[in-house]
Amino acid sequence: MAREGNVVNLVENFKTSIVMPTAQSFPAKTVPVMESDAVATSKRPIIRIDGVTKTYRNGTNALEKIDLDINAGEFVSLVGPSGCGKSTLLRLIAGLGTASAGEIDWPTSTYDAKGHPMPDLGFVFQEPTLMPWRTVFDNVYLPLKLGGVKRKDAHDRVTEALEMTGLARFAAAYPRQLSGGMKMRVSIARALVKRPKILLMDEPFAALDEITRTKLNNDLLHLWEQQGWTVVFVTHSIYESVYLSSRIVVMTGRPGRLSDDIEIDAAYPRNEAFRTSSDYGEYCTRVSAALHSASAAGDGEH
Amino acid sequence: MSVIATEPRRLRLLPLHFMRSETAGRWLHAVVPITFVLFLVVVWEIAVRELGVSKVILPAPSVIGEALAQNWPVLLRSLAITFSVMIEAFLLAVLSGIGMSVIFARFRILEMAVFPLAVILQVTPMIAIAPLLLIWVGLDHVDRALLILATVVAFFPILSNTTLGLRSVDHNLRDLFLLNRATSWQRLVELELPSSLPYILGGMKISGGLALIGSVVAEFVAGSGSATGLAWRIVEAANDLDTPRMFAALFLLSGLGVFNFAALTALQHLLLRTWHESAIRTER
Ligand SMILES: Nc1ncnc2c1ncn2[C@@H]1O[C@H](COP(=O)(O)OP(=O)(O)OP(=O)(O)O)[C@@H](O)[C@H]1O
Ligand SMILES: [Mg+2]
């Protein structure tokens with residue numbers, strides 16, 4: 001199909017222009033890694049969340065003693081009832097806000113000279129979070145602009161990111177002229193434009209139709225495989241989480257605790273065949289059951 | 001036959017159809033108020049003539065027009081003076097107001113220290129400060145005193161609106177800038193100022209009117225001497241019981257105010273039309 005071909009082309013283009021992260025770029029702080037050992041690489045923690053509790057100043061206890069290691073190259077989905085603290089956790093991982101107790105640790109190599117973590121992080125907020133006074137192109141260009149890249153030098157990368165999210169025709173539009181789903185895609189393009197090694201995405205596809213969603217799911221998976229990204233992905237869709245993830249973390253209702261950590265042991269690349277396989281059905285059932293008991297476990301109203 | 005039969009129907013439909021179109025909407029916006037004002041002027045003229053009202057109490061529009069023509073050179077010079085005081089005060093207020101808000105946003109401790117003083121200056125009636133200021137600046141620099149007074153009056157709406165605007169920046173956007181390591185300057189230019197623009201422009205509209213009021217009141221207080229703006233012409237005319245001349249100066253003053261308002265509205269439209277809710281007409 002022409003569409004499929006397109007996707008593959010984009011992925012190929014993307015690959016050629018990116019320096020693949022090597023094992024040396026993430027020397028682990030605590031876990032010894034044999035440099036040539038590819039299997040060990042996939043189990044190297046890139047984010048260590050250690051006993052993190054978050055209580056907001058108004059007394060809301062959003063997270064309670066979260067222990068979670070996210071390994072380099074993993075595709076981790078966070079699922080849980082609404083208000084259980086998924087967004088809060090994602091923001092804490094990104095360094096936006098501070099934990100009330102516990103700590104979030106990144107390998108030393110991912111700190112920059114000033115001691116800020118995550119040099120290479122793409123974040124997709126739950127809301128589109130666009131600048132209404134800028135066109136779609138300029139919104140996507142923003143991360144590069146802030147990094148000092150000239151507009152004409154950024155043109156190709158911005159256009160590429162827009163093509164990937166199917167927005168090339170809307171480069172000159174203003175956010176108010178877009179639908180909710182299109183705004184969200186602009187926000188995704190903006191997160192991808194810097195080609196980050198780590199992607200944190202907060203329900204990025206929730207506002208999209210099934211077709212676009214499936215397409216972007218596949219694009220994301222392609223890129224993730226090609227680039228060796230690490231993705232932390234919040235979603236409300238059990239099907240989506242099973243289809244995409246190598247691992248699903250289930251959280252209980254407020255205060256958010258970890259209740260299940262489910263490995264999705266199906267081979268990549270995944271495609272429509274996986275969606276119809278019995279494995280897929282079983283995983284969905286398992287995650288669904290875990291989510292049900294996790295929802296019942298919360299003591300907050302939701 | 002059929003041509004004649006359709007003719008009346010089309011005539012009846014035309015105005016309705018026309019009034020719904022967009023150009024017509026804009027056209028009506030200009031024509032309706034102007035027609036109404038002209039109508040009032042005519043009623044005024046006729047009423048004053050028919051009732052034989054003395055021109056000291058209420059001169060007819062034609063008499064005011066005559067006074068305007070007779071005193072034109074003097075009034076024009078005064079208009080220029082008031083206009084320049086108003087514009088200078090306005091620009092000073094805009095620059096210092098925005099500048100101060102930006103500094104406040106960066107250094108909260110300064111805001112804590114200075115903002116209450118700005119409020120005190122704002123709530124103290126300006127007329128009461130004027131004589132003091134005249135003494136300080138010196139009676140031979142009345143123009144300077146006028147400028148300072150008008151600026152003080154026009155300053156506060158800019159300060160408070162810009163401060164509000166800078167605080168209303170979307171939190172997620174702030175986080176986005178933080179994640180991308182934006183410098184303080186980038187944050188100001190790319191995020192905070194554009195995001196505050198609607199607030200700043202709102203403040204400018206209020207401040208524009210206040211700059212005119214400020215320059216007029218300051219002139220009243222400053223008295224004669226070198227102060228020869230429109231306000232002083234009104235005082236002079238009142239002393240001579242020359243009501244037509246008073247009205248002539250008064251009309252020029254309202255003209256200034258209208259100009260002010262129209263210019264700022266145009267600026268607002270120009271800067272916000274592409275993106276802000278207040279200036280766009282969303283298609284449904
Ligand atoms: N800035 C804040 N101040 C106070 N409380 C907050 C704040 N942000 C979130 N909360 C509270 O923390 C809890 C977790 O919120 P969070 O947004 O992380 O939930 P979520 O799991 O992302 O929910 P959803 O799936 O609906 O997006 C909620 O109860 C919310 O009321
Ligand atoms: Mg959320």
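Predicted model: local features only at pLDDT ≥ 70, side-chain atom pairs only at ≥ 80, totals over all residues.
In chain A, six strands form an open sheet with mixed pairing, in the order β5-β6-β7-β3-β8-β9. Strands β5 (121-124) and β9 (258-263) of chain A stand at the edges, and because each has a single partner strand, one side of each is left without a neighbour in the sheet. From one strand to the next, the twist averages 15 degrees. Strands β6 (residues 198-202) and β7 (residues 230-234) of chain A run parallel and are joined by five bridges, with A:Asp202 standing opposite A:Val234 of β7(A).

Strand β8(A) is mostly covered, five of its five residues being buried. A:Arg247, A:Val249 and A:Met251 point one way from this strand, whereas A:Ile248 and A:Val250 point the other way. In a regular strand, side chains alternate between the two faces of the sheet. On pairing with β3(A), β8(A) runs in the parallel sense over four bridges, and A:Val76 is found opposite A:Arg247. With β9(A), by contrast, β8(A) runs antiparallel and is joined by five bridges, A:Ile248 standing opposite A:Ile262; these two strands form a hairpin with six residues between them. Helix α10 (residues 278-297) of chain A lies across β3 (75-79), β8 (247-251) and β9 of that chain, and runs at about 175 degrees to β9(A).

In chain B, a nonpolar surface patch is formed by B:Leu51, B:Val53, B:Val56, B:Ile57, B:Leu58 and B:Leu241, which together have about 560 Å² of accessible area. B:Leu241 lies in the loop between α10 (230-239) and α11 (243-272) of chain B, and B:Leu241 is exposed, with a relative accessible area of 58%.

Conventions. Residues numbered from 1 in each chain as written. Chains lettered and ligands numbered in written order. Heavy atoms only, no water. Patch = residues over 30% accessible without salt bridge, like charges linked within 9 Å, V, L, I, M, F, W, Y side chains within 5 Å. Areas by Shrake-Rupley, 256 points an atom, 1.4 Å probe, with all protein chains shown as cover. Salt bridge = Lys/Arg side-chain N within 4 Å of Asp/Glu carboxyl O. Buried < 20%, exposed > 50% of the residue type's maximum accessible area, 1.4 Å probe, protein only. Pairing = 2+ DSSP bridges. Axes fitted to C-alpha atoms, helices over the stretch in contact; angles between N-to-C directions. Contact = heavy atoms within 4.5 Å.
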